[in-house]
Amino acid sequence: MKKWLLYLLIALALYFFPWLFPSSYYVHMAQGFLYTYIVVAGLNLLVGLSGQLSLGHAGFYAIGAYVTGLCTVAGVPFLLSLLLGVLICAGAGGLVAMLSLRAKGPYLAMVTIAFGLLVEIVANRWVEVTGGPAGLYLPEAKLFGLGLGTVSYYWFIAVIALVVTVLIDNLFTSRYGRTFRAMGNSEVAAATAGVHVRNWKVLAFAISACTAGLGGALFAFQNAYFNSDTFTFDKSILFLVGVIVGGAGTRLGPLVGTIVIFLLPQWVQSLYNYHLLIFGGILLLSLIALPEGIVGGIQRIFKQRNQYSGTPSLPAPDSDGPSQMGSRDGADLNVQAAVMEFDGFRAVDAIDLQIKGSEVRGLIGPNGSGKSTTVNMLSGVYVPTKGKLSWKGVDVTSFPPHRMAAAGITRTFQNLQLFHELTVLENVMLGFHLHYRKGFAANILHTPGFLREESHFRAEAMRLLQFVGLAEKAGEQAAALSYGQQRLVEIARALATKPDLLILDEPAAGASLYEVDNIVRVIRKVKDSGIAILLVEHHMEIVMNVCDTITVLDFGKKIAEGDPAFIKNHPQVIEAYLGGEEVTKLVVG
Amino acid sequence: MLQAIVSGLILGSIYAIIAQGYYITFVTNRTMNFGQGDFLMLGALVGLTTLGTVTSAGMNLFVSVLVTMVVVAAAMAMLGWGLERGAIRPLGHVLSVGWILSTVAVSLMIRNIAMLIWGRNVIPFPSPFGNEVYRFGSVGITKHEIFVAICAIVIMACLFFFLNRSLLGKALAAVAFNPDAASLMGINPRRMAVLAFALSSALAGVGGILVGPITNTAFFMGATLGLKAFAAAIIGGLTNPLGILIGGLLLGVIEQVFSLYSSAYKDASAFLLILIVLIFMPQGLLGKKVKEKF
């Protein structure tokens, strides 16, 4: 329990701070530091983990401050107002996330900027309520009837900051943190593992809006007075600077980042005429010299990845097949006249396809024949323009990827989509997404039930890794593996969702001979356990060896279907691959 | 009302000029200068000083305006070159949002330097053409606004010609489309990135000269204008210069029309507009939808 000892030490240091620096100036500064830290820590969750961007966090900061402030002015007890403020911020965060769901990159940035500026404008101009630039005077913060003086208010903030730190740290090391990170790395891969990406984005936004609101409310009561000048676009940028310079996605980053954005300006304040110059210069230098932030850079130097688990001990190799691959129902897929058009171009033209039971179906065809598009349709990444997909009697035509995964169809990717910031083991654990039962509260509090579940799925994931022959790589970062190994990790992750139909999109591309053998072995085993496989592959040797039936596409149309021997000698297939008579003539002359 | 629309179009065309700067750099190497507003501020202040110097040297009005624009464009292009070399290229692509902060950092420094040189106060920027107002029916247009309109048309025409017709413009487009293939064809993507930033900064500088007499100048003037121009670019669709032109004009008009009813929420209208546009068209009005391939 080294962690708890650390927290205890921090708590003691925070408690004794007012005696060590017995001046209201320093206590004031400590208050400011702590509430800024709360905001940055929450924003780190959004930017560093879930890979989204907010340039409007000053808006949430303002909402927290105003809601809490106005409620207490109206006579609501301080603690209740604080809770209200935080909850309303969560709602606002969710709303902003919903508004910006389809927007990406600079467009997402613009939505958050617009939100932040709108809040700023309202705060500035709605003078009757907010007081505008003239400000809002608040009653003293009271806790159960007890007024909080400078020092006791500092302790109050310290307690909250500590609780927030513990909770966020727990979130980092729970499956929630893992899912956020996975989503930030590859949205589509997270979706095919069953993650409802939209809801998770909204959740990430809501959490980080909560903390921003909390920070804002604590700021508001610091002097029992605040005005609208605080909530500017520059403030939003400042919070983001804290996250990035500290080290986005690292657990200590926000602390270091807050030192940079809060203490540094205090220090250079005496150079008022030059402080933007100095701040800008330091920011620029740190971005260039430490692109992963201060903490990220230090971690890189010491190679100390904050892993909460080393390589767990291998389970006894009881059998070659992991338990989650017990007998499955097998596939029942029926594709009827599916069409996929892009701007009038028919990539897939009225394909019919039936996959039943636990067969291995090959899907081959020359480049541009529509294989990848078919795979994208079957896994829910694209919705067919026309036609119907039914799965086990249910119409799944317009299912998004996460619902396909829940229904039992999942896939791997031709251009690898591993969660490169996660370890190999964590990648596979993410595959179990649909099978976790413990909710948010258990995860953020690290309850015994949560810990049991984690170790259960860690063992399961280890078994899967052992099955694909990568057990000894479990603790490594996914990005560090070779091409073929990464493909095996993708297969293991896909198996973790417990599918009935597994779509393998060119699993042998770039794999070494040894890895190809391994992949073929895995495919056979998977088939034996009752899972159907749709195999898209260019390696004819593999296709002819492992497939029961082969479907051949050319120019988006199905040109042949049958067993390997039949396909090998099919004239149209040969023509598609080698060219027809005219081509032969052209070549030969 | 008509008056509001006309002055909205004038203001909007300035937004559009600045916003084209976002477009050029974004399509070339997927970055933008978030400090475009402060570059504009610097352009306005340098322009003011240059204009003062040139006119007091007794030069003809039109010549001096032309000289000012050339000087500002050249100075800002140099600065843009420095920005790319100093704050964009060294970042690499480790963090996708690093460039936002690095360009903001540069803009903070520029703001500070401008404050040291030109002071903290708002400096009036008298239009070189005086304050004469022409009346067309109920609509009054100042000489300066006519100048802005002409400049906007000329700049847009040059820009469209440059981007679509000239070899260099085609090279920029090639880098935007596929930097690897472009470099195999002998185009240096890095040089193109520098060119894009120089061009973008020059546009901001010229925009500053145009907007100066309308808003007056101060070291803090840039932030809002930069954001509005960014909003214009996003509304129109970052990948489409025509869309950006429309976005800029739309934004200008809506702002001016709203300010008829309630000047207090003039600024809010711009950002409400952008939220509404992005909810229904996440790629902006004329932005291209990209179907991701897996």
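Helices (H or I, at least four residues) and strands (E, at least two) are runs assigned by DSSP and numbered from the N terminus. This is a predicted model: local features need pLDDT of at least 70, side-chain atom pairs count only at pLDDT 80 or more, and totals for chains, interfaces and linings use all residues. Residues are numbered from 1 along each chain as its sequence is written, while chains are lettered from A and ligands numbered from 1 in the order in which they are written.

**View 1. Chain A as a whole has 25 helices and 14 strands.** Along its principal axes, the C-alpha trace of chain A spans about 90 × 55 × 45 Å. Of the 589 residues of chain A, 50% count as buried; a residue is buried if 20 or more other C-beta atoms lie within 10 Å of its own, exposed if 12 or fewer, and partly exposed in between, with C-beta atoms placed from the backbone. Two residues are in contact if their C-beta atoms, placed from the backbone, lie within 7 Å. Among the contacts in chain A with a separation of 6 or more, 75% join residues 24 or more positions apart.

**View 2. Domain 1 (25-232) and domain 2 (328-420 + 494-588) divide chain A.** These bounds come from an automatic or database domain assignment. Taken over C-alpha atoms, the centres of domain 1 of chain A and domain 2 of chain A are separated by 47 Å. Where the two touch, the contact takes 13 residues from domain 1 of chain A and 14 residues from domain 2 of chain A. On the domain 1 side, the elements giving two or more residues are α8 (175-185) and α9 (187-192) of chain A, and α9(A) gives the most, with four residues. By class, that side of domain 1 of chain A has seven nonpolar, five polar and one charged residues. For these classes, Ala, Val, Leu, Ile, Met, Phe, Trp, Tyr, Cys and Pro count as nonpolar, Asp, Glu, Lys and Arg as charged, and the others, Gly among them, as polar.

**View 3. Chain A meets chain B through 40 residues from chain A and 40 residues from chain B.** On the chain A side, the elements that give two or more residues are α5 (105-125), α11 (233-247), α13 (275-289) and α15 (371-378) of chain A. Here α5(A) gives the most, with 10 residues. The residues of the side of chain A that touches chain B divide into 31 nonpolar, six polar and three charged.

**View 4. The largest nonpolar core has 278 residues.** Such a core is a set of buried Ala, Val, Leu, Ile, Met, Phe, Trp, Tyr and Cys residues joined through C-beta atoms within 7 Å. Met110(A), Leu465(A) and Ala231(B) have the most contacts inside this core. Helix α8 (residues 189-215) of chain B gives the most to this core, with 15 residues. The core lies between domain 1 (25-232) and domain 2 (328-420 + 494-588) of chain A, because both give residues to it. Now look at Leu465(A): leaving aside neighbours within four places in sequence, its contacts include Val424(A), Leu425(A), Val428(A) and Leu470(A).

**View 5. Strand β7 (residues 360-364) of chain A is largely enclosed by the rest of the structure, because five of its five residues are buried.** Both faces of β7(A) are covered, with Val360(A), Gly362(A) and Ile364(A) on one side and Arg361(A) and Leu363(A) on the other. Two strands pair if DSSP finds at least two bridges between them. β7(A) pairs in the parallel sense with strand β12 (residues 532-536) of chain A over four bridges, and Gly362(A) stands opposite Leu535(A) in β12(A). With strand β13 (residues 549-554) of chain A, β7(A) also pairs in the parallel sense over four bridges; in β13(A), Gly362(A) stands opposite Ile550(A).

**View 6. Four strands of chain A form an open antiparallel sheet in the order β6-β5-β8-β9.** Its edge strands are β6 (345-357) and β9 (394-395) of chain A, each pairing on one side only. Strand β8 (residues 386-391) of chain A pairs with β9(A) in the antiparallel sense over two bridges, and the bridge partner of Ser390(A) in β9(A) is Asp395(A).

**View 7. Leu48(B) sits in helix α2 (residues 36-56) of chain B.** Leu48(B) counts as buried because 23 C-beta neighbours lie inside 10 Å. Leaving aside neighbours within four places in sequence, Leu48(B) is in contact with Ile123(B), Phe125(B), Gly212(B) and Thr217(B).
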